[in-house]
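Here is a short note to read beside the structure. Please keep the model open and find each residue as it is named.

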Amino acid sequence: MAFAASIQKYRSLDRGIWLIALARMTTAMGFSLVLPFMAIYFVKERHTTLATYGMIVCFAGILSALTQRIAGGISDRLGRKPQMIAALILRTVNMTAIGVAVIYRAPLWVLALCLITNRVL
């Protein structure tokens, strides 16, 4: 009974929110597929240590957790839908930047910045 009641409140959400959530889920799954291959790329192609990559991912996770409060404040001021759309667009641009950075062998700090930014978005 409690489960059915909790589902009911989500059914009342706007269809646009559901579409944005689906798109966000898709980009999150795509990024989760990229992360293991980025580790291989950092170590095999760019000759860094796995510890270096691990520190980048760890820092990204910590920064992501810390920025959630800021994101909540922005959502309170702008609304959740505009914030979700902006973050989705920025994340798409950032994922493209990661691909371009790999293709053109950008400096490692550029790749690290892209990975960290993607976690924050």
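The points below go from the whole chain to single residues.

1. Secondary structure. The protein has five helices and zero strands. Followed along the sequence, the pattern is α-α-α-α-α. The radius of gyration is 17 Å, well over the 14 Å that the globule rule gives for 121 residues, so the protein is more spread out than a compact globule.

2. Overall dimensions and surface. Taken along the principal axes, the box filled by the C-alpha atoms is roughly 55 × 30 × 25 Å. The protein exposes about 8,300 Å², and carbon and sulfur atoms supply 73% of that area. Of the 121 residues, 25% count as buried.

3. Contacts along the chain. Take the contacts between residues at least 6 apart in sequence: 73% of these join residues at least 24 apart.

4. The core. Which residues touch the most other members of the largest nonpolar core? They are Met38, Phe42, Tyr53, Ile56, Ile98, Leu111 and Leu115, out of 16 residues in that core. The elements that give two or more residues to this core are α2, α3 (50-78), α4 (80-103) and α5 (108-120). Leaving aside residues up to four places away in sequence, Tyr53 touches Leu35, Met38, Ala39, Phe42 and Leu115.

5. The salt bridge. How many salt bridges does a search of the whole structure find? The search finds one. The partners are Asp14 and Lys81, with the closest N and O atoms 3.2 Å apart. This pair links distant parts of the chain: Asp14 is in the loop between α1 (2-11) and α2, while Lys81 is in helix α4, 67 residues apart. Asp14 is partly exposed, as its relative accessible area is 42%. Lys81 is partly exposed too, with a value of 33%.

6. Leu22, Met25 and Met29 make a nonpolar surface patch of about 300 Å². Met25 sits in helix α2 (residues 15-45). With a relative accessible area of 44%, Met25 is partly exposed, since that class lies between the 20% limit for buried and the 50% limit for exposed.

7. Two positive phi values. Most residues other than glycine have a negative phi. His47 has a phi near 55°, which is a positive value in a residue other than glycine. His47 lies in the loop between α2 and α3 and is exposed, with a relative accessible area of 67%. Arg105 has a phi near 50°, again a positive value in a residue other than glycine. Arg105 lies in the loop between α4 and α5 and is partly exposed, at 46% relative accessible area.

8. Distances across the model. Gly79 lies in the loop between α3 and α4 and is partly exposed, with a relative accessible area of 23%. How far is the C-alpha atom of Gly79 from that of Tyr41, what with 38 residues between their places along the chain? The two C-alpha atoms are separated by 38 Å. A second pair to locate is Lys44 and Val120, which are 76 residues apart in sequence and 26 Å apart in space, C-alpha to C-alpha. Lys44 is in helix α2 and is exposed, with a relative accessible area of 61%.

9. What to take from this. The predicted model has five helices and zero strands. Its largest nonpolar core has 16 residues, and its one salt bridge joins Asp14 to Lys81.

How values were computed. Residues numbered from 1 in each chain as written. Predicted model: local features only at pLDDT ≥ 70, side-chain atom pairs only at ≥ 80, totals over all residues. Heavy atoms only, no water. Patch = residues over 30% accessible without salt bridge, like charges linked within 9 Å, V, L, I, M, F, W, Y side chains within 5 Å. Areas by Shrake-Rupley, 256 points an atom, 1.4 Å probe, with all protein chains shown as cover. Salt bridge = Lys/Arg side-chain N within 4 Å of Asp/Glu carboxyl O. Helix = DSSP H or I, 4+ residues; strand = E, 2+ residues; numbered from the N terminus. Buried < 20%, exposed > 50% of the residue type's maximum accessible area, 1.4 Å probe, protein only. Core = buried A, V, L, I, M, F, W, Y, C linked by side-chain atoms within 4.5 Å. Contact = heavy atoms within 4.5 Å. Rg over C-alpha atoms; globule rule 2.2 N^0.38 Å.
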